[in-house]
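Subject: Structure handover

Hello,

Here is the structure I promised to pass on. Please load it first, then read my notes below.

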Protein chains: 2
Amino acid sequence: MKRSCYIGELGEAHVGRTVTLQGWATRRRDLGGLIFIELRDRSGTVQVEVEPDSPAFAGADAVRSEYVLEVEGRFRLRPEAQRKGGLGDYEVMASRVAVLNAAKTPPFELDKGDAVAEDIRLKYRYLDLRRAEMQRNLILRSKAVAAVTRFLDGEGFLQVETPMLTKSTPEGARDFLVPSRLNPGEFYALPQSPQLFKQLLMISGIDRYYQLARCFRDEDLRADRQPDFTQLDMEMSFVTQEDVLELQERLLSAVFRDVLGVELALPFPRLSYREAMDRYGSDKPDLRFGSSFVDVTDLFRAGAFQAFAEAGAVKVLAAPELTRRQIDELERVAKQNGARGLAWLRRAGDGFTGGISKFVQEQAAALIGRTGVQEGGTLLFAAGEWKRAVTALGAVRLALRDLFDLAAGGPPFHVSWVLDFPQLEFDEASGAWTYMHHPFTAPHPDDVSLFGTPGQGEMRAQAYDLVLNGFEVGGGSIRIHDPEVQEKMFAAIGFTPEQAAEKFGFFLDALAYGTPPHGGIAWGFDRLVMVMAGAASIREVIAFPKNNRGADLMAQAPSPVEDAQLAEVGVAVRDSGAV
Amino acid sequence: MKRSCYIGELGEAHVGRTVTLQGWATRRRDLGGLIFIELRDRSGTVQVEVEPDSPAFAGADAVRSEYVLEVEGRFRLRPEAQRKGGLGDYEVMASRVAVLNAAKTPPFELDKGDAVAEDIRLKYRYLDLRRAEMQRNLILRSKAVAAVTRFLDGEGFLQVETPMLTKSTPEGARDFLVPSRLNPGEFYALPQSPQLFKQLLMISGIDRYYQLARCFRDEDLRADRQPDFTQLDMEMSFVTQEDVLELQERLLSAVFRDVLGVELALPFPRLSYREAMDRYGSDKPDLRFGSSFVDVTDLFRAGAFQAFAEAGAVKVLAAPELTRRQIDELERVAKQNGARGLAWLRRAGDGFTGGISKFVQEQAAALIGRTGVQEGGTLLFAAGEWKRAVTALGAVRLALRDLFDLAAGGPPFHVSWVLDFPQLEFDEASGAWTYMHHPFTAPHPDDVSLFGTPGQGEMRAQAYDLVLNGFEVGGGSIRIHDPEVQEKMFAAIGFTPEQAAEKFGFFLDALAYGTPPHGGIAWGFDRLVMVMAGAASIREVIAFPKNNRGADLMAQAPSPVEDAQLAEVGVAVRDSGAV
């Protein structure tokens, strides 16, 4: 190869040497008869200088933005006054500038990409990806893939590919369907996750499995979802929850070390689901900052303030001094998240003013004592049914984080485990018990006896979520391997054996042929990389993402197809009236 | 974890130590009051012995085939007379046998899996995968993935994921279609390959890309095809064909070394397409054995044997002594592959008997001299239009290989490059020129001037195939990056600029914004692993394959779905009459 090295690899050692570089012209300027070209490749940018009498001049003179160049020249230090640090200390005095390809003028200025409408960036994604930020994101992602592969291969995990064309199941999210031409009237589904297949691999004796699995869910796309996404999927046999957590901690540490050079402190802190909800109002709390809730239910229990006295829980969050307008905005957040309102107080001396201050005179001292609220500071209350109250206040906590940049003072990355999720949830809508994770999640061994009792809502699952900076980046569980426990689980959620067989058919058959104890986890790989890269959206760490209508604006997918293509696979577009 | 180590890791160092093992009972025998259990995990099998007075006896007594066990006991050498080599030299004297899970009697005996109908194996794939051979295949495949990742990451390749839901294009094979719910009446296509996206990544400046890409083609499934398959996809910028070949040779060598401990000789031998066809009748010749064709066109040119005198080419292949029945079978093969017949001769002294012997008396000495056919040996002839003749004789050559196990005497793995494919082919059916690889393949720089001339059929493409033991395991090319060359290519295959834009739209736009010289290759990963594993079918190296009706017999996919699901995505099943 003609290239001496990537631009980013240039340094002191190359000074005085002739180098050959290849890349794109970010910018070309003419100054005092000289031509200056900023030459860029994926690793960095360096200035190329061309003198009027240089044999490189004719080539350089033809250069426009985004031309593809091969440059040969002497690498040297710039005059001391002009050094800008890093590669900016150096320049290439060109002896040859060859235009390998010309370029049309790009539809937007690449170094102003941040300010460009995202639709334009997505339409010209191949240009958007030339931006340093996007290159950095894709490089980071690739390094994470290599780090994961290296670690898991070293730990005896086998990479196994699971089917992409599989069976539609009524459980979970909506499937993407694929008509089968060889079996007219029948459809494949794209996999929502490899869950059943990875458990089957444990039944097969594969012992340790991993896969960077593409998964598909046809959901209405909220702000930061994609119709297909990538999961780092893992499963292990003969393990306890502790075994899984320990290995995951070493894996995530290795990834942060290899990719970012960041050392994560081990072991990761652990919170129970109950504790996470109770203190932060979230099962994926952002722990880069404090601001935990204080429980004051008892202070109001026997009091005259009826709204609080009768509430299942009264939680309070101490905030800095807030304007009335900020409080209104936070109340809107609380209401959006299920609260009826957001009671508040402003500390004034030994008491409070504003909001509900006239109802809390008896409790004032205790409130100040328990919350430590500063003079002028605000207390924000949520009261009501416990889960509803803490959830609303949890949303307020995150709004406060964004308002005051509370996370900025903390560590750049905070990882924790959330454990002891409920095994079962009572679904008010259907008036029935249902599973919280999936029906194969194993309960805590101490709680199995609660199945079928009034206390089954208290059962803890052997389920765990990996939380990074307030994002759930991983989730998993120990699975049920004992057919008797599986029967109890189905009974608890109201499935008859026949219904269970209908829904999970061949998988339940497989369980009976010698299933080892096993458990696993899946990482939301796009989201993990997003947080590691400090990006604002998973679209920033996916090379060719869809927009929020599920469209690829560059390739123009989806698109209408010829009716003959549809006829071949045995389907027709429905009349819009029939849809 | 409780497990001391995998069974396959046991050895001399463990003798006398107490070990804890976990796995499946392959077999349990009772002998002289003792119980013997063959305990298996993915790494190997060891004999467990349980004495009648052992605390392990009750547990062991409950054991049946395929029960999941945890065994603790002392690892020791077996009595000298009973040692069987390897792990068969040792046994575990159990102090504890815990049944972790029971198992129903499997529907087939796992160690007789080879003899079981493939449909049964596929239906109970989770049991089939327990067989040592399948475990070995999946382990080998996983090691190959890790080796590829390690090598390419080390060489600066970035792993980038390309879209799974993309645009249907009229080129190439039939697409699998996915109806879009958010865009009713529109469809995604599953990708046939990431070809355009990997070229876009080069336009984006990613410089070096790789991906283990799942690809989809809705073709009629021949013996050894799958509707989806895995490609190791790579692309590099600023490279020549030599750069690509050199890197690929190092990559494949690394994979063979890491996975099999086999050193491939470098550099790989190279054949031109013309040479491969001319000597072996195949563009993916099996070179583990010789048996190349001898050209004898000239011997018959002016002669009286009209069928040979007028043939474009007369090729001869020397074979061992063949029975009349074997010759008939080979003639059937020749005819199936386009020949009108298979002329033959048997050497007898200085002349020939049988077949066309009366027509070759003048040429006898030359035929013996050129072919070196042994006394009693057979000469097999193909005559006619060159490509048709060599193709038919190529099929005969492979039939001879299978008949006489000719490859057995050669190296276990023979890798070679086939180069200099034609840039264009004349398609007799449509009476038009078409591309041989794809329309973005770059021609040899010395041949560009032939575009549009009568000699354009002689143009060589910068395309290359990687051939292993007669299988094409990789193929790629240097791509066109010069818009002028691209225009000439489209003109040569009869595309107007408008037609080109319609078919390749956004990709041609992208090419104009500064495309570096680039090229790449894709490996048929399933096939490569199949050959490395010595397996007979790619189904043996895919965990959950489809059968030749595109069906997953275990998960029962594809399947009918609720009409409501179809209504949501805006399609209906067509009346069978309308299909």
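A residue counts as buried when its relative accessible area is under 20%. F305(A) falls under that cut-off and is buried, with a relative accessible area of 13%. Keep in mind that this is a predicted model.

Chain A overall

Chain A has 16 helices and 23 strands. Its C-alpha atoms fill a box of roughly 90 × 75 × 55 Å along the principal axes. Of the 579 residues in chain A, 57% are buried. Take the contacts in chain A between residues at least 6 apart in sequence: 65% of them join residues at least 24 apart.

Aromatic pairs

Over all chains, the structure holds 46 aromatic pairs. One of them is F305(A) with F359(A): the ring centres are 4.4 Å apart and the planes are at 5°, so this pair is stacked. F305(A) sits in the loop between helix 8 (297-300) and helix 9 (306-309) of chain A. F359(A) sits in the loop between strand 15 (351-353) and helix 11 (364-371) of chain A. The pair therefore ties together parts that are 54 residues apart in sequence. F305(A) is buried, whereas F359(A) is partly exposed, with a relative accessible area of 39%.

A second pair is in chain B. The rings of Y273(B) and F421(B) have centres 5.3 Å apart and planes at 40°, so they are tilted. This pair also links distant parts of the chain, 148 residues apart. Y273(B) belongs to helix 7 (residues 273-280) of chain B. F421(B) lies in the loop between strand 17 (415-419) and strand 18 (424-427) of chain B. Both Y273(B) and F421(B) are buried.

Back in chain A, ring pairs link F300(A), F305(A), F308(A), F359(A) and F381(A) into a cluster.

Charges over rings

In chain A, the charged end of R274(A) sits over the ring of W386(A), 3.7 Å from the ring centre. In chain B, R397(B) lies over the face of F289(B), at 4.1 Å from the ring centre.

Between the chains

How do the two copies of helix 4 pack, at what angle and with what distance between their axes? Helix 4 (residues 132-154) of chain A and helix 4 (residues 132-154) of chain B pack at about 135°, with axes 10 Å apart. That makes the two helices oblique to each other. Their crossing is left-handed. On the chain A side, A146(A), T149(A), R150(A) and D153(A) take part. They meet A146(B), T149(B), R150(B) and D153(B) in helix 4 of chain B.

Best regards

Notes:
Residues are numbered from 1 along each chain as its sequence is written. Chains are lettered from A and ligands numbered from 1 in the order in which they are written. This is a predicted model: local features need pLDDT of at least 70, side-chain atom pairs count only at pLDDT 80 or more; totals for chains, interfaces and linings use all residues. Side-chain values use heavy atoms; hydrogens and water are left out. Rings of Phe, Tyr and Trp (its six-membered ring) pair if their centres lie within 6.5 Å; planes under 30 degrees apart count as stacked, over 60 as edge-to-face and the rest as tilted. Helices (H or I, at least four residues) and strands (E, at least two) are DSSP runs, numbered from the N terminus. Buried means under 20% relative accessible area, exposed over 50%, partly exposed in between (1.4 Å probe, protein chains only). A charge sits over a ring if NZ of Lys or CZ of Arg is within 6 Å of the ring centre and within 35 degrees of the ring normal. Axes are lines fitted to C-alpha atoms, for helices over the stretch in contact, and angles run from 0 to 180 degrees between N-to-C directions. Angles under 35 degrees count as roughly parallel, over 145 as roughly antiparallel, 65 to 115 as roughly perpendicular and the rest as oblique. A crossing is left-handed if the near helix is turned anticlockwise from the far one by less than a right angle, and right-handed if clockwise. Contact means heavy atoms within 4.5 Å.
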